[in-house]
Amino acid sequence: MVKFTQLIGCLTLFFVVPLTTLAQDPTPILTAAAQIPLGADQLDRRDQPDSTRKASREGQANKASPKNKEDTLKQNVSAKQSDTAGRGKQANSIQQAKKPTLKIGGALRFNYNLSSWKKEQVKRGGDFGLDMFRINVDASHKKLDFHAEYRFYAKASGGSFLKDGYLTYHFNDSTNLAIGLVQNPFGNTTYNSHNWFFNLPYYLGFEDKASMGIRFHQRSNRWMYDLAFFKSAMELDFGDKTSIDPSRYSYDVAGRNKEVNQGNVKTEYLLSENKRIGISGMLGGVYNIPTGNMGSRWAAAIHTDLTFGKFNVKLQSMYYQYHLADSAQYNQTVNLGAYGSTYDAATKAYLHTASVAFTQPVKIGPVSSITFYENYSYMDKTQKGSTDTQMNVLGMMLNAGNLVTYVDWASGKNQPWLGPEWQNGLASGNPDAKWHSRFNINIGYYF
């Protein structure tokens with residue numbers, strides 16, 4: 001049970017404090033015809049989907065606007081002639097807007113890491129090698145958009161796989177429907193973090209997670225709504241009793257179980273264009289392969305994403321729970337898989353994250369801005385005898401045009417990727433586990 005003091009603290013942190021900024025912030029909420037993308041998630045360019053499609057639509061709309069009449073008068077052109085010229089240019093712009101567009105981009109990233117628990121690696125001063133290469137394809141025609149991102153990692157990290165890919169139909173500027181391998185609308189999106197490692201929710205399938213299904217999105221002035229249904233995680237083998245292939249980007253249920261028939265609901269209220277608070281919910285089935293029985297899982301979260309000048313703050317608290325329809329010896333933990341391997345996780349826990357970032361414009365050679373960040377996350381396992389998991393990332397991101405570099409000092413306790421407790425870290429954990437750290441530099445060229 002949640003303690004009363006914890007409940008009051010969460011309500012104050014996520015709702016009362018942000019609401020006090022509403023009267024102080026003069027930034028207006030734009031109408032649907034003049035909306036601009038929210039800027040909070042632009043701090044992180046690791047895997048952000050290309051925004052060219054929306055920019056192109058807005059640019060085409062601007063081009064279709066008739067010229068100002070004052071300019072026409074200065075040129076001594078009659079109002080009638082001006083109107084005719086304006087209509088002609090508007091017609092040409094509309095014709096251009098109907099033409100299909102195609103953009104191909106991608107990224108090449110290299111990584112240096114020095115991990116405290118890898119003694120031989122420490123002796124040789126760390127390792128520097130390939131992180132990944134990716135290809136992005138974005139296309140649009142009339143009201144349809146298409147996006148896909150395919151990644152190539154080392155064989156030990158899962159090899160190559162599709163990160164996400166979907167077709168979007170735009171009913172209008174504020175309402176759209178996406179189908180395919182779509183990001184789950186849950187919590188702070190696109191990211192609930194600023195660093196290269198993400199926060200703990202990612203490693204449990206609750207940050208930047210994509211599933212196979214359909215998502216409806218609508219914005220109405222200060223409110224944003226997302227409804228989604230996902231039939232399953234990304235399926236690569238359509239066998240009768242086959243578990244998922246862990247070669248994937250998002251952490252999904254693996255091993256003896258499969259995710260099926262998942263519903264998501266997310267609602268956010270915009271205090272201003274760059275300050276929002278919201279709640280999210282998820283309910284789905286968990287099919288047990290050996291028994292053929294259906295279990296269930298659910299999760300709920302409250303979250304805020306607030307920008308104050310050069311500062312950005314992301315706060316989130318959530319709870320999840322699995323009810324596995326498996327035999328008693330297997331239903332105490334759930335198996336999760338991504339990047340070519342799997343590990344176990346607790347079937348129920350609270351996840352709390354607090355992330356703050358400060359972006360400073362600079363002129364240091366090609367570097368145009370530096371973002372400093374501190375991201376902390378805590379996993380409170382409610383199962384008796386379990387040891388909690390913690391994670392902290394202190395670092396900075398250097399932006400130099402198409403070249404983006406992350407410099408992180410990541411630390412973890414019972415965190416699979418930040419210490420030796422791989423299989424059991426997120427499950428019952430090791431009560432004698434110590435803090436371990438990884439110094440990491442990721443250099444990426446995005447094109």
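A: Let us begin with cavities: on a 1 Å grid over the protein atoms alone, a cavity is a set of points where a 1.4 Å probe fits but cannot get out, and its lining residues have an atom within 4 Å of a point. Grid points are joined across faces, edges and corners, and a volume is the space filled by probe spheres set on the points. This is a predicted model, in which local features need pLDDT of at least 70 and side-chain atom pairs count only at pLDDT 80 or more, while totals for chains, interfaces and linings use all residues. Residues are numbered from 1 along each chain as its sequence is written, and side-chain values use heavy atoms, with hydrogens and water left out.

Q: How many cavities of 30 Å³ or more are there by this rule, and what volume has the largest cavity?

A: There are three cavities of 30 Å³ or more, and the largest has a volume of about 90 Å³. Its lining includes Asn184, Phe186, Asp208, Lys209 and Arg297. Counting Ala, Val, Leu, Ile, Met, Phe, Trp, Tyr, Cys and Pro as nonpolar, Asp, Glu, Lys and Arg as charged, and the others, Gly among them, as polar, this lining divides into three nonpolar, four polar and four charged residues. The second largest cavity has a volume of about 40 Å³, and Lys163, Arg248 and Asp252 are among the residues that line it; its lining has five nonpolar, one polar and three charged residues.

Q: How should I read a salt bridge, and which partners does Lys163 have?

A: Side chains of opposite charge can pair when their charged atoms come close. The rule asks for a side-chain nitrogen of Lys or Arg within 4 Å of a carboxyl oxygen of Asp or Glu, and by this rule the count comes to 18 salt bridges. Lys163 pairs with Asp164, where the closest N and O atoms are 3.5 Å apart, and also with Asp208, where they are 3.7 Å apart.

Q: Is Lys163 buried or exposed?

A: Buried means under 20% relative accessible area, exposed over 50%, and partly exposed in between, with a 1.4 Å probe and protein chains only. Lys163 is therefore buried, because its relative accessibility is 4%, and Asp208, with a relative accessible area of 7%, is buried as well.

Q: What can be said of Glu268 and Arg276?

A: The side chains of Glu268 and Arg276 form a salt bridge at 3.4 Å, N to O. Glu268 counts as buried because its relative accessibility is 4%, and Arg276 counts as buried at 7%.

Definitions and conventions. On a 1 Å grid over the protein atoms alone, a cavity is a set of points where a 1.4 Å probe fits but cannot get out, and a pocket is an open set with protein on both sides within 12 Å along at least five of seven lines; lining residues have an atom within 4 Å of a point.
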